[in-house]
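This report starts with the chain overall.

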Amino acid sequence: NLNSFKAGDQDTDALLKLRDENKLLREKLDALGKDNANQSKINGGGEDEDEVNPWDVKASSDKGVDYAKLIVKFGSSHVDAALISRLEAVTKRPAHPLLRRGMFFSHRDLNLILDQVEKGNKFFLYTGRGPSSEAMHLGHLVPFMFTKWLQDVFDVPLVIQLTDDEKFLWKDLKMEECQRLGWENVKDIIALGFDVKKTFIFSDLTFMGQCPSFYQNVIRIQKCVTYNQVKGIFGFDDSSPIGKIGFPAVQAAPSFSSSFPFIFGDKKKVPCLIPCAIDQDPYFRMTRDVAPRLGYMKPALLHSSFFPALQGAQTKMSASDVNTSIFLTDTPKQIKTKINKYAFSGGQATVEEHKEKGGNCDIDISFQYLRFFLEDDEKLEKIRRDYSSGELLSGFLKKELIDKIGRASCRERV
């Protein structure tokens, strides 16, 4: 009962602030939920919620996850036109297509990173990969493509974490296999052309035993987070192995420059920016909560939307189902077959009906993929307009996509 506490008490003030923030979030969610329910009735759909967590993504709509609602639910901020304009002014370069088109749609404290840059201060980038497949697929590639652009325009260090320990804990894989898959995935990552002098790629299973400062930060973080907190954030239960319960601290540790003294020396407050898919946000909400208690800066984040499976936007591309994904090791022939056979179409049932009603770009997978990989804004807009009007058929979009990624997707062609 907050009434039993005295005003001005530090703990009470924090609780009151948290209560007010939760009340505001509930009001926003209620309002957004009413809008979605009304739209759902119009569309003839149900009122199921999207499921988004680090291990599973399921959308209730064939258009994919409702990202506006997810921003409110997670408490992040929308990447709006003003923020993009400011980033362009700071970098003196046009924004990346993934940013302009809203694929990187949400952030935490990107404005503070830009503040630091304007003051002449540097930051560092951190992203990662959980190796569970022989090769990465196109969905895995998206955050790395954007991270490469960020490194180029800001000229900053980058650390890339391979969470082979996570995959050992969550998957039915031997430790040696997790390590092997990690090093196979490194081939896909380095092929993107990161700055060799400013990029450090490490495997948790190897690096943790080699860097005391990194492990010490892991322990500091673990001491700050209770079992109840980690259960609430990640959904662990009493049957979860203790390795899973402790792992979030391992993914949090690279957010702090003090974890890498061989890069940053004794600088413990170098700001960090993390480009990642939004399903990874729970790890970094926890990190941002812990950071001030350790005397560190909260990491900033840029969230990407999900790269949809070939069968439709209701789930993301998965490495565990080869028919939902296009891998960087797929041959041009395999890519052509997968797109022609599995890519969900937004076209109509017949050519006559399609020419009359037009196609639906919101659910057409070939168009959605072109949004990620076709850099020419004018060409993309013309395709959207012509397909929506019925002038272009689904086969054209599939051919355009095959031509675009068939040449660029194979590992030796990246």
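Of the 414 residues in the chain, 49% are buried. The model is predicted. Its secondary structure comprises 19 helices and 11 strands.

Consider the contacts between residues at least 6 apart in sequence. Of these, 74% join residues at least 24 apart.

Lys-92 is not a glycine, yet its phi is positive, at about 60°. Asp-109 is not a glycine either, and its phi is positive at about 65°.

| Residue | Phi | Relative accessibility | Loop between |
|---|---|---|---|
| Lys-92 | about 60° | 71% | helix H3 (81-91) and helix H4 (97-100) |
| Asp-109 | about 65° | 22% | strand S4 (104-108) and helix H5 (110-118) |

Where does Lys-92 lie? It sits in the loop that links helix H3 (81-91) to helix H4 (97-100). Lys-92 counts as exposed because its relative accessibility, 71%, is over the 50% cut-off.

Asp-109 is placed in the loop between strand S4 (104-108) and helix H5 (110-118). Is Asp-109 buried, partly exposed or exposed? Its relative accessible area is 22%. Buried requires under 20% and exposed requires over 50%. Asp-109 is therefore partly exposed.

Notes. Residues numbered from 1 in each chain as written. Predicted model: local features only at pLDDT ≥ 70, side-chain atom pairs only at ≥ 80, totals over all residues. Heavy atoms only, no water. Helix = DSSP H or I, 4+ residues; strand = E, 2+ residues; numbered from the N terminus. Buried < 20%, exposed > 50% of the residue type's maximum accessible area, 1.4 Å probe, protein only. Contact = heavy atoms within 4.5 Å.
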